[in-house]
Amino acid sequence: MLKNHLKIAWRNIAKYKANSLINILGLAAGLTCVILVALYIQEELKYDQFFDDAQSVYRVNIDSKMGDNSFYAGYTPPPAGKTLVENFPEIISYTRIYRPGTDVLEYQNGTEKKFFNETDIYAVDANFLEVLTYPLAKGNPKTCLLEKNSVVITPAIAKKYFGDADPMGKTLIYGTDKTPLRVTGVLADMNNVPASVTFDMLTPIKNYADVTYFDWSWVWLNVATYVKVSKTAAQNPNLVTNLEAKFPEMLRVQAAPAFDRIGQPLDEFLKKGNKWDLKLQPLLDVHLHSGEIISSITDQGDIKNLYIFGIIAVFIIVLACVNFMNLATAQSVKRSKEIGIRKVLGSKRSQLIRQFLSEAVLYTFIATLVAVFLAALLLPFFNELAGKNIPIAAVFSLNMLILIVALSVITALLAGVYPAFYLTSFSPVKVLKGGSSKILKSRFIRNELVVFQFVIAIALIICTLVVYQQIQFTSNHDLGYDRENVLILNNAGKLGVSEETFRQELAAMPQIKSATISSDMLTKSSFGDFYVPQNSNPEESVAKDIALNSYLVDDHFIETLGLKLTEGRAFDPEFNDSLSVILNETAAKQIGWKNALGQYIEYPGGEYQKFKVIGVLEDYNIESLHSSIAPFALFSQTSKSYETGISYITLKLAAGNPEQTISSIRQKWQDYLPDVPFEYSFLDEALNSAYASDQKTAGLFGVFTSLSIFVACLGLFGLVAFSAQQRSKEIGIRKILGSSVTNIVKLLSAEFVKAVVIALLIASPIAWYFMHNWLQDFAYRINISWWVFIVAGLATLFIALLTVSFQAIKAALANPVKSLKTE
């Protein structure tokens, strides 16, 4: 019986070729979209799943508030892990990660010498590979980081320095101090294994004096801490919640001496409404549930994107199924007599339902084969767009094959059930006599389904326009400084005592307008600490303390970046500015001084230095527009109030040929530091990279929107063709009676134009709601303009009219005599 159903189904597919092609293309487009999105979601959900006992590992985060400023970060003070293990038996071990920054690594092999700047060198505790169980191709995870001068490397680094030779036991030279590091382990190849923490090298954290020095501190937040809990705690989330509830009391005891040491008694700090809490976040949540958590160590995505793309994929496959239903019901006039005759000859309704479901299954099977081929073909493009490295083999993995089969069955049922039950419900007597009440009713259903399709298409167009608008806004928004032709030289700290001389030589070059040295740089990082504002006027109410991000800069920083002072002056060599500070407007406002100039802030973290406010900067963004402007300060590099261990030289270039200028700078660099690779970046490019995730989202939105429009127009094309065929006699009579081609095109297009207008009215509020919520992730954002909805509606109407007009004009130009002779 099944064989017979499939034979008849194949004959019907071959008989109605145009209709069959539209159905197969529509279903294939929808299935391809779902397969690609499923691969993307699968890849995102795989993060950190490969670790042993991943369910038992948690990242320790800090939840802090100081005055008007609050932050949630994936960092902790150095003693946090050790203290948690000592105080809570449920926490059985901990490990820490410290990112020291870019440094030079060398390898000498006879006369051959290789050296590179390495950015992703992480310092970790000796048990790191026992808590986070990255697999090793060579070496012992329990012992490979015990030696002070050991290093564990990735296969890519092994290839980079040693070629095909065995790297084990070989020595790399690290940093300015020329520290020898012996290779004691090589990680297994993890190119297709997603992890939230990725690195090129691991070295012992005990090598870094700043970490060991701050082992007492509960306010120096520069390490990431991971803890492992007992299996009992891992299996009972309530135990972990109860643990977190005990942390504040533990901190009151453990952190109090550290707060006293910096002149900020913890009890007083908390009484002011401030907060300093530790939180536990499951390792498996780190990648997708860290939207509000600050971290430069982990790869953090957003679960909302998975929901959005998943919903879009479902909508597109539903669009394809709607096409199938629409075209099937549109053909009811042709198929009704076939059904009537078969019923008269004794066919049961259940047999006919199975027949139509068989057709849907066959359509879907063919479409699935096409979709799998297209998914494999488009995967490299999709990887580039989404920033992933999904192998083609993933399309044919067991999980995906099961999903594809299940998806095919669901699609066949979704597409085939309504037509099967609808078409087999005709009364054979009425059909054979020419009755058409149900057929007329199907026309209303089709119109509703067309509206549904265009609601989705228009909503996606609106969303795409808003996303692109926001990206344009972030790219062109005035950030408060000059970002054009600004070149940043990394690793400038390697120049040592020659750094200022080098800067002066660069500044003297005719192609360079100005040059400056700073401890940190826009888009890179900043130093954060507590400061205590001094109150010189008892009648004023000023903040008791404030958290400030800051840079140490020279006298040329403000000039080079084109920053604007609202009052006061910049650092000047004619003054001794070692105890001076320049605040931004936000900092001055939050402190509460009526006049900030001449006031003082005290830094309890050093030697209780007091810094005099000599200027107030107009607010500018040191981060992306996702974040609001925070209190910020510039200190003179002569203050030496803190050390960051890094330094940048920033250059303002004259307009013209930057390649020639960079070549000249490179030559000077090599004269000073022949063994340190020359690295640079343009500030505007670095800023654009801060929105890479948003640009990926925009790109994916664009692709999905195009697919939805393609699928909707496929269905529209089929419906118009069928409508023109059904009304061929009417069109012929109208032409004989004098109707123009334009009038006939209007006649065939009218109902579809109405459908687009209705769809626009429905889609607009839906799209506005979702885009309004998406924009809340940006501290600085656009207002959704009314014209976006008009443009989306007109674009959809234009595309729909193009689709309709092709068939309508074809029908209008047909010979009326021929159509009137055709029965």
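Me: Which residue in E12 is the bridge partner of arginine 59?
Reply: Keep in mind that this is a predicted model. Strand E1 covers residues 57-66, and four bridges join it to E12, residues 223-229, with the two strands running antiparallel. Within E12, arginine 59 is partnered by tyrosine 226.

Me: And what does arginine 59 stand opposite in E13?
Reply: E13 spans residues 275-282 and runs antiparallel to E1, with eight bridges between them. Facing arginine 59 in that strand is glutamine 281.

Me: How many bridges join E1 to E2, and which residue there stands opposite aspartate 63?
Reply: E2 is residues 69-73, and it pairs with E1 in antiparallel fashion through five bridges. Across from aspartate 63 you'll find tyrosine 72.

Me: Which residue takes a positive phi in the hairpin of E1 and E2?
Reply: That hairpin has two residues between its strands. The positive phi, near 60°, belongs to glycine 67.

Me: Is E1 mostly covered or mostly open, and how many of its residues are buried?
Reply: Strand E1 has 10 residues and is mostly covered. Buried here means under 20% relative accessible area. By that cut-off the buried count in E1 is nine.

Me: Which element gives the largest share of the largest nonpolar core?
Reply: That core has 80 residues, and Ile35, Leu39, Ile458, Ile462, Val466, Phe704 and Met771 have the most contacts inside it. Elements giving two or more residues to this core include helix H2 (17-45), helix H16 (437-476), helix H22 (692-726) and helix H24 (741-775). The largest share, 15 residues, comes from H16.

Me: Which residues does valine 466 touch, leaving out those up to four places away in sequence?
Reply: Valine 466 is among the residues with the most contacts inside the largest core. With sequence neighbours up to four places away set aside, its partners are Met771, Leu775, Ile782, Ile784 and Val788.

Me: How many residues are in the second, separate core?
Reply: This one includes Leu132, Cys144, Leu187 and Ala233. As a rule, nonpolar side chains in soluble globular proteins tend to be buried together. The second core's count is 55 residues.

Me: Why is the pair of tyrosine 161 and phenylalanine 162 called tilted?
Reply: The structure holds 33 aromatic pairs. In this one the ring centres are 6.4 Å apart and the planes are at 50°. Planes under 30 degrees apart would be stacked and over 60 edge-to-face, so anything else is tilted. Tyrosine 161 is buried at 1% relative accessibility, phenylalanine 162 is buried at 7%, and the label for their pair is tilted.

Me: What kind of pair do phenylalanine 611 and phenylalanine 635 make?
Reply: Phenylalanine 611 is in strand E21 (residues 609-617) and phenylalanine 635 in strand E22 (residues 632-636), 24 residues apart. Phenylalanine 611 is buried with a relative accessible area of 0%, and phenylalanine 635 is buried at 0% too. Their ring centres are 4.8 Å apart with planes at 70°, so the pair is edge-to-face.

Me: Which residues form one aromatic cluster?
Reply: The cluster is built from Phe and Tyr residues. Its members are Phe50, Phe51, Tyr122, Phe128, Tyr134 and Phe199.

Me: Which ring does the charged end of arginine 569 sit over, and at what distance from its centre?
Reply: Lysine 160 has its charged end over the ring of phenylalanine 116, 4.5 Å from the ring centre. For arginine 569, the charged end sits over the ring of phenylalanine 575, with a distance to its centre of 3.9 Å.

How values were computed:
Residues numbered from 1 in each chain as written. Heavy atoms only, no water. Buried < 20%, exposed > 50% of the residue type's maximum accessible area, 1.4 Å probe, protein only. Pairing = 2+ DSSP bridges. Core = buried A, V, L, I, M, F, W, Y, C linked by side-chain atoms within 4.5 Å. Contact = heavy atoms within 4.5 Å. Phe/Tyr/Trp six-rings, centres within 6.5 Å; stacked < 30°, edge-to-face > 60°. Lys NZ or Arg CZ within 6 Å of the ring centre and 35° of its normal.
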